[in-house]
Amino acid sequence: MEEVLGVEYNDKKGYFYVKINDSIEAKMTFVFAGPHKIIIDHTEVNPGHNGKNFGKRMVEKAVSFAREKNLKILPLCPFAKKVFDKTPEYNDVL
């Protein structure tokens, strides 16, 4: 089983994803809000993958993406917001 954690984006929007055997099983969407901020607006994990930490891993990917690109994150998605609230070491990207 090949598992990939990645990101796809253009100049307006994008998504972080978990892909298993070429099938996207989890997705966290975002939009750019100006040149220095992204807004995470939705997280979805396909049935059968609950409890596998796909959501948390996508938030981790979002944080490393933000740090790499010098961006801030506004987590409007309730799931992402909960992860940020519980993880003070991500505060630098808020």
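Me: Helices (H or I, at least four residues) and strands (E, at least two) are DSSP runs, numbered from the N terminus. Which element gives the largest share of the lining of the largest pocket?

Reply: This is a predicted model: local features need pLDDT of at least 70, side-chain atom pairs count only at pLDDT 80 or more, and totals for chains, interfaces and linings use all residues. Residues are numbered from 1 along each chain as its sequence is written, and side-chain values use heavy atoms, without hydrogens and water. Both α1 (54-69) and α2 (78-86) supply at least two residues of this lining. The largest share, four residues, comes from α2.

Me: How much space lies in the largest pocket?

Reply: On a 1 Å grid over the protein atoms alone, a pocket is an open set of points where a 1.4 Å probe fits, with protein on both sides within 12 Å along at least five of seven lines. Points are joined across faces, edges and corners, and the volume is the space filled by probe spheres set on them. For the largest pocket, that space is about 160 Å³.

Me: Which lining residues are closest to the centre of the largest pocket?

Reply: A lining residue has an atom within 4 Å of a grid point. The largest pocket has 13 of them. Closest to its centre are Asn 53, Gly 55, Lys 56, Phe 79 and Val 83.

Me: How many residues of each class are in that lining?

Reply: Ala, Val, Leu, Ile, Met, Phe, Trp, Tyr, Cys and Pro count as nonpolar, Asp, Glu, Lys and Arg as charged, and the others, Gly among them, as polar. The lining of the largest pocket has four nonpolar, five polar and four charged residues.

Me: What distance separates the end C-alpha atoms of α1?

Reply: The expected span of a helix is 1.5 Å times one less than its number of residues. With 16 residues, α1 should therefore span 22 Å. The model agrees, with its end C-alpha atoms apart by 22 Å.

Me: Which elements do the buried residues of α1 pack against?

Reply: Buried means under 20% relative accessible area, exposed over 50%, and partly exposed in between (1.4 Å probe, protein chains only). In α1 the buried residues are Phe 54, Gly 55, Met 58, Val 59, Ala 62, Val 63, Phe 65 and Ala 66. Their packing partners are β1 (3-9), β2 (13-20), β3 (23-32), β4 (37-45), β5 (72-75) and α2.

Me: Which residue of β5 stands opposite Ile 40?

Reply: Two strands pair if DSSP finds at least two bridges between them. β4 and β5 pair in the parallel sense over four bridges. The covered face of β5 holds Ile 73 and Pro 75, the uncovered one Lys 72 and Leu 74. Opposite Ile 40 stands Pro 75.

Me: Is Asp 22 buried or exposed?

Reply: Asp 22 lies in the loop between β2 and β3, and has a positive phi of about 65° although it is not a glycine. Most residues other than glycine have a negative phi. At 71%, Asp 22 is exposed.

Me: Which residues does Thr 43 contact, leaving aside neighbours within four places in sequence?

Reply: Thr 43 sits in strand β4. Its relative accessibility is 17%, so Thr 43 counts as buried. Contact means heavy atoms within 4.5 Å. Beyond those neighbours, Thr 43 touches Lys 27, Met 28, Met 58, Cys 77 and Phe 79.
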